[in-house]
Amino acid sequence: MRNTKPSVKDFSKSLIQADTVTLGRAITLIESKKTEDKKFADALLEKILPSTGKSLRIGITGSPGVGKSTFIEAFGKYLTSRGKKIAVLAVDPSSMKTRGSILGDRTRMEELSKDACAFIRPTSSGNSLGGVADRTRETILLCEAAGYEIIIVETVGVGQSETAVRNMVDFFLLLQLAGAGDELQGIKKGIMEMADAIIITKADGENEKKAKQAQTEFQHALHLFQPSTSGWTPKVLTTSALQKKGIAEAWKMIESFHEVTKANNSFQENREQQKLAWFHENIQLMMKEKILQSKKTLSKIQMLEKKINLGKILPSAAAKEILKGL
Ligand code: GDP
């Protein structure tokens with residue numbers, strides 16, 4: 001952006017004309033820590049807002065090794081072969097520590113990354129999940145403005161990232177391996193409750209029978225939960241991404257979800273709720289940022305941390321002290 005900085009108007013125009021170089025630059029601006037870039041990105045987002053919201057947003061989670069990237073590659077190729085434009089983004093909590101991203105790595109989805117109808121973008125590094133989630137949400141909007149019809153947001157099955165992704169997508173998919181009959185113990189109940197569907201991966205060869213068994217078990221287990229999205233009964237499918245089996249069925253299921261939830265309005269309601277949650281999260285994030293900006297407050301925090309550790313003050317009382325000084 002340094003020397004040849006286009007105007008927000010020109011920038012948004014080329015973005016809406018689906019220029020992927022502009023899309024990449026726009027995401028970089030969103031991720032930038034420079035105030036000037038952030039201002040530009042905010043103005044850009046405001047400008048493109050009318051062109052956003054039209055995609056179907058799909059969240060995909062699962063433990064490392066479950067087959068996420070292989071699935072996304074097969075699923076993505078299936079969609080692009082049907083003329084869809086897809087974007088794959090990633091929310092990777094581990095990148096916050098390592099300042100690098102393991103997800104969204106181009107080499108993980110080699111075929112898809114060469115596909116002109118697909119856009120793959122790894123997560124930026126950041127120092128908080130809130131920050132990464134925020135940027136991912138903004139990136140979704142940019143991708144929508146650039147005409148991507150299906151946005152896949154991938155995350156690994158650790159920490160709070162699943163909740164963050166659940167709160168920014170329309171459909172939440174959990175990928176799961178078939179084990180030796182103990183599937184239901186190895187999985188966090190909370191994640192199952194968030195899922196609109198579970199897909200048992202690697203249902204091929206010797207594993208196929210086990211996958212079918214797991215499918216029945218999960219189906220039974222899901223009956224015990226309240227559905228995550230109203231009017232939709234969560235489904236359990238099996239796939240083999242390597243053999244391209246079950247991929248078309250997975251898409252058919254998601255299409256049917258889209259139809260059902262649009263017809264009963266829960267699709268729109270979910271989107272509205274998510275926007276409000278985003279607003280409130282931002283209030284919290286920004287308040288915190290503002291508090292931490294002041295050197296005086298920072299040293300007061302350090303002083304209070306010592307007092308807390310010495311048992312001289314309760315953490316809640318210490319927090320009140322900080323607010324008093326503002
Ligand atoms: P991720 O860490 O969840 O992204 O998992 P990957 O997609 O990288 O897959 C992990 C391993 O499982 C790789 O060695 C894949 O080749 C293998 N794998 C993925 N999908 C399938 C499948 O459908 N069938 C079989 N047999 N192996 C698979």
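User: What counts as a salt bridge, and how many does the structure hold?

Analyst: A salt bridge is a side-chain nitrogen of Lys or Arg within 4 Å of a carboxyl oxygen of Asp or Glu. This is a predicted model, and the structure holds 9 salt bridges. In one of them, aspartate 170 pairs with arginine 271, with the closest N and O atoms 2.8 Å apart. Aspartate 170 sits in the loop between H8 and strand E5 (171-176), arginine 271 in helix H12 (residues 266-293), and 101 residues separate the two.

User: Are aspartate 170 and arginine 271 buried or exposed?

Analyst: Buried means under 20% relative accessible area. Aspartate 170 is buried because its relative accessibility is 2%, and arginine 271 is buried at 11%.

User: Where do lysine 245 and glutamate 208 lie in the chain?

Analyst: Their side chains form a salt bridge at 3.7 Å, N to O. Lysine 245 is in the loop between strand E7 (235-238) and helix H11 (247-263), and glutamate 208 is in helix H10 (residues 207-223), so the bridge ties together parts 37 residues apart in sequence. Lysine 245 is partly exposed at 34% relative accessible area, and glutamate 208 is partly exposed at 32%.

Notes. Residues numbered from 1 in each chain as written. Predicted model: local features only at pLDDT ≥ 70, side-chain atom pairs only at ≥ 80, totals over all residues. Heavy atoms only, no water. Helix = DSSP H or I, 4+ residues; strand = E, 2+ residues; numbered from the N terminus. Buried < 20%, exposed > 50% of the residue type's maximum accessible area, 1.4 Å probe, protein only.
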